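This report looks at how parts of one protein chain pack together. Please keep the sequence and the structure in view while reading.

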Amino acid sequence: MKWTDTYEIAAALVDAHPDVDPKTLRFMQLREWVMDLPDFSDDPAHCGEKILEAIQMAWIDEAD
């Protein structure tokens, strides 16, 4: 997965952290969790606030 695989990342985060409310997560924690996903392999430097926001919004949609 790459940073731009927003919905794939969100689905993996739902599986990895089923009891977490994504609305309460800080971006730094979200960034770490994304990078810790087993199928994730992208440059940490390619991540910005807009990407993290998109991932968070996809996670919120996925969790509903």
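## Threonine 6

Threonine 6 lies in helix 1; helices here are DSSP runs of H or I with at least four residues, numbered from the N terminus. The residue is buried, at a relative accessible area of 16%. Buried stands for under 20% relative accessible area, exposed for over 50%, and partly exposed for values in between (1.4 Å probe, protein chains only). Apart from neighbours within four places in sequence, threonine 6 contacts Ala54, Ile55 and Ala58, where contact means heavy atoms within 4.5 Å.

## Basis of the model

This is a predicted model, in which local features need pLDDT of at least 70 and side-chain atom pairs count only at pLDDT 80 or more, while totals for chains, interfaces and linings use all residues. Residues are numbered from 1 along each chain as its sequence is written, and side-chain values use heavy atoms, with hydrogens and water left out.

## Helix 2

Leu30, Trp33 and Val34 are the buried residues to look at in helix 2 (residues 27-36). They are on the same side of helix 2 because they cover an arc of only 100° around the axis, taken from the directions from the helix axis to the C-beta atoms. The face turned away from this buried side carries the exposed residues Met28 and Asp36.

The buried residues of helix 2 pack against helix 1 (6-16) and helix 3 (49-63). Leaving aside neighbours within four places in sequence, valine 34 touches Trp3, Ile9, Leu13, Phe40 and Ile55.

Terms used
Helix = DSSP H or I, 4+ residues; strand = E, 2+ residues; numbered from the N terminus.
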